[in-house]
Amino acid sequence: MAERLLQNEPSAVTMVWLTTFSEITADPLGTIWMRPLEYRDITKGTQYDPSRPRTGAYRREPAREGLVVARLKKLRLFEG
């Protein structure tokens, strides 16, 4: 979803916050959120960079998901 939001014109870099269903139902105000901005920064310069030319449909790639999970610092909606 983050990749697709970055490919829109204009892109939704910070206006959209993403999480998983299990995390939001367990702790909606917890440190469970990411924005497309974080995804873009994590994947920049890799084979998963959303700015690279794409051909074909989006495909799930466990290696990409692993990269993002390993580097992602999740956010809270509210600080304090």
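Leaving aside neighbours within four places in sequence, which residues is Glu38 in contact with? The legends below return to this residue after an overview of the predicted model.

**Figure 1. Overview of the predicted model.**
The protein contains four helices and zero strands. Read from the N terminus, its elements follow the order α-α-α-α. Along the principal axes, the C-alpha atoms fill a box of roughly 40 × 30 × 20 Å. The protein has 80 residues, and 31% of them are buried. Among contacts with a separation of 6 or more, 59% are between residues 24 or more positions apart.

Glu38 lies in helix α3. Is Glu38 buried or exposed? Its relative accessible area is 13%, so Glu38 counts as buried. Leaving aside neighbours within four places in sequence, Glu38 is in contact with Leu72 and Leu75. This answers the opening question. Pro53 is 15 residues from Glu38 in sequence, and the two C-alpha atoms are 20 Å apart in space.

**Figure 2. The salt bridge between Glu38 and Arg35.**
Side chains of opposite charge can pair when their charged atoms come close. In the pair formed by Glu38 and Arg35, the closest N and O atoms are 2.5 Å apart. Arg35 is located in the loop between α2 and α3, while Glu38 belongs to helix α3. Arg35 has a relative accessible area of 17% and is therefore buried. The cut-off behind this label is under 20% relative accessible area. With neighbours within four places in sequence left aside, Arg35 is in contact with Val13, Thr14, Val16, Trp17 and Leu75.

**Figure 3. Helix α3 and what covers it.**
How many of the eight residues of α3 are buried? Six of them are, so this helix is largely enclosed by the rest of the structure. The buried residues are Pro36, Leu37, Glu38, Tyr39, Ile42 and Thr43. Their cover includes helices α1 and α4. Just after α3 comes Gly45, with a positive phi of about 80 degrees. Most residues other than glycine have a negative phi.

**Figure 4. The largest nonpolar core.**
This core holds 14 residues. Those that touch the most other members are Ala2, Leu18, Met34, Tyr39, Ile42, Val68 and Leu72. Helices α1, α3 and α4 are the elements that give two or more residues to the core. Leu72 is in contact with Met34, Glu38 and Ile42, leaving aside neighbours within four places in sequence. Tyr39 and Ile42 are also among the buried residues of α3.

**Figure 5. The salt bridge between Arg64 and Glu3.**
The structure holds five salt bridges. In one of them, the side chains of Arg64 and Glu3 meet with an N to O distance of 3.7 Å. Arg64 lies in helix α4 (residues 62–71) and Glu3 in helix α1 (residues 2–7), so the pair ties together parts that are 61 residues apart in sequence. Both Arg64 and Glu3 are buried.

**Figure 6. The salt bridge between Glu23 and Lys74.**
The closest N and O atoms of Glu23 and Lys74 are 2.4 Å apart. Which parts of the chain does this pair link? Glu23 lies in helix α2 (residues 21–26) and Lys74 in the segment after α4, 51 residues apart. Glu23 has a relative accessible area of 21% and is partly exposed. Lys74 is also partly exposed, with 30% relative accessibility. Across the protein there are 13 positive and 10 negative side chains. The centres of these two sets lie 3 Å apart.

**Figure 7. The cis peptide bond at Pro10.**
Where in the chain is Pro10? It is in the loop between α1 and α2. The peptide bond that joins Glu9 and Pro10 is cis, with omega of about -5 degrees. Most peptide bonds are trans.

Key
Residues are numbered from 1 along each chain as its sequence is written. This is a predicted model: local features need pLDDT of at least 70, side-chain atom pairs count only at pLDDT 80 or more; totals for chains, interfaces and linings use all residues. Side-chain values use heavy atoms; hydrogens and water are left out. Buried means under 20% relative accessible area, exposed over 50%, partly exposed in between (1.4 Å probe, protein chains only). Contact means heavy atoms within 4.5 Å. Lys and Arg count as positive and Asp and Glu as negative; His and the chain ends are not counted. The place of a charge is taken as NZ of Lys, CZ of Arg, CG of Asp or CD of Glu. A salt bridge is a side-chain nitrogen of Lys or Arg within 4 Å of a carboxyl oxygen of Asp or Glu. A nonpolar core is a set of buried Ala, Val, Leu, Ile, Met, Phe, Trp, Tyr and Cys residues joined through side-chain atoms within 4.5 Å.
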